[in-house]
Each structure stands twice: as structure tokens, then as C-alpha cells.
Amino acid sequence: MSQNALSRELALRIGLAARALPDTDAKRLLTVLAHCVDAPLTEAKVAALDLLTLKTACRGEFSHLGDDVLQQALSILKNTAAEKILPAIVAYQEGDLPNSVRIACASDDAIHVNGHFGACTWFMVYQVNRDEARLVDIRTADIPQGLVVDDKNVFRAEQIQDCKVVYVTSVGGPAAAKIVKLGIHPMKLAEVVSLAEVIAELQQVMSATPPPWLAKAMGIAASERFKFEREAAGS
Amino acid sequence: MALYIVEADCISCGDCEPVCPTQSITEGAIVFKIDKRTCTECEGDFDVPQCVKVCPIDNCILPLEA
């Protein structure tokens, strides 16, 4: 299938561009794009797309939409606005950040933790220790076309199974139970805050007195932890 | 005969506290803890220990070796 050949970057941008259009999911946009250009879909072909082609393609699927929204979707597709949309992923190798934990943040705009676990556009995956935080991955948790999964929430949780904590603005009860079952600690935030704030807060907890489960996730030896705990007990 | 909470695994969710028939679970300085003098492992009240049943973490509440 042509989508299998899509680069990760382009696939992400198609998802985002679809979001910019009313009542459009990635699948619908992809169908229209397939009419605009010959398979396979590549960066070069997308870059050569113009507004009129997009508007009239697929027997005018998008003809009722305003030029402004289509233009916006097009600029997202072409990556001309990309730096404002998706921050760059930084390479991470095991051991780069000692005593770090991997966390995922449910986000719809790549700026705030504002996503619902079961519906967010992206999981922003960070590796965080007391002093540093690196964006190591941006994952969509949409179920690939054609794949049948028993449980959407289990599938989504599996996409971030390497994370210890997932920050969300909302998550259903049964979904939360499934997340916990996979060894991920769901954190529901009371209000929408930026990714940077969430990370700063976590770093503060990590450098002060992390709760035992977090200390364990950070890989702090039990003997060291013991010291922390006595201090906590004493205060 | 009593249960204990593994400190390194407890996430302090507090789900176990209200289900204890003997009120043996309290929030400690670090995580929740079970009073081994009063814990009955729910013997006489339930078939299975209620705290183990509701705890979201596997192997977080274990029998105390005598």
C-alpha cells in the first residue's frame, strides 16, 4: 500500500493537515491526495501541490471548503509551517541521561498537555532526568488502516509502553486501569498546562523527594532510596 | 498472618483504605501501610483480601512472612 511508503514526517503532517480541515480525518485527506498525485506519495509531489488541485481533486471533495482553511492545510502538508507545529526530536541512547524516566504527554497541539488519552493527536515522548529533558519521540496512536484491534485503549497504551508516566487532561476509568496494567502511571492534570511546565514540575519532584515508585522508575538503588525515605518520614 | 504493602510499588492511590474490613490500612509518611496487628487477610469477612483485589498494581500487597 502506498501509505506504507510514507515517511514518518509526512504521515504526521497529513494527520495534522487533516485536523485543520473540518470533518476530515487522515484517511479522507489521504484519499483526496491520492487523486491529486500518482502513487507513491512523496515529499516532492506534495511540495508541488497547489490550492486549485487540492480543491478540485476527487470530484471536488473539498470544493465547499474555504480557500483559507485549504491553504492552511496545504502549508502544513508542505512543511512550510512545520517548525511552528512539531518540535524537533532529539536523539537519545540508553544511558544518555542517568536516573531518567520516560514520560508521554497527550497533546493535540504539541505545546500543551491538552489531550484526552483515547483521542489525542500525539503522545509527546520525553526522557527526563533532574537536569535535562529531551523530546525523544512524537507518536500518533491512531490505529493503522486495516489493522483490527480488540481494544483501542489497550492499543494506544501499548504505543507508549516504554513510558513510566503518561500525562493527560482526561482519561476514562477502564482505560486508566488498562494503562496501569501495562505498568504506566496515568497522571490526570486538573487544567491544561504547557509541556514545559509539566516537565519542570516533574523535575522538581525528581530532585526533591521522589515517591518510592518514581525513585524505582528512575533506577535509584533501594539503599539510596531508603535515605530519601527516612528524610521524608522525619519531616 | 497479615499483609504488607511493598513501599517501592505503592502509588498512594488510596483505593485499599476504604475496603479494609478491619480498618488496618492508613496513609503513612511515605505510602499507605497495613497494621500487621489487626490485619486478618480478610479471613472471616471475605474470601479474598479486599485490598489485594482493588489494588491496581500487581504484587504490591503481599503476605508478611511470619
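How many helices and strands make up the secondary structure of chain B? One helix and four strands.

This is a predicted model, in which local features need pLDDT of at least 70, side-chain atom pairs count only at pLDDT 80 or more, and totals for chains, interfaces and linings use all residues. Residues are numbered from 1 along each chain as its sequence is written, while chains are lettered from A and ligands numbered from 1 in the order in which they are written.

**View 1. Chain B follows the pattern β-β-β-α-β along its sequence.** Helices (H or I, at least four residues) and strands (E, at least two) are DSSP runs, numbered from the N terminus. Of its 66 residues, 30% count as buried. Buried means 20 or more other C-beta atoms within 10 Å of the residue's own, exposed means 12 or fewer, and partly exposed lies in between; C-beta atoms are placed from the backbone.

**View 2. Eleven residues of chain A are in contact with ten residues of chain B.** Contact requires C-beta atoms, placed from the backbone, to lie within 7 Å. On the chain A side, α8 (173-181), α10 (212-217) and α11 (222-234) each supply at least two residues. α11(A) gives the most, with four residues.

**View 3. Helix α5 (residues 67-77) of chain A has the buried residues A:A73, A:L74, A:I76 and A:L77.** They sit on the same side of α5(A) because they cover an arc of only 160 degrees around the axis. The arc is taken from the directions from the helix axis to the C-beta atoms. Exposed A:D67 and A:D68 lie on the face turned away from the buried side of α5(A). Just after α5(A), A:N79 takes a positive phi of about 75 degrees.

Notes. Contact = placed C-beta atoms within 7 Å.
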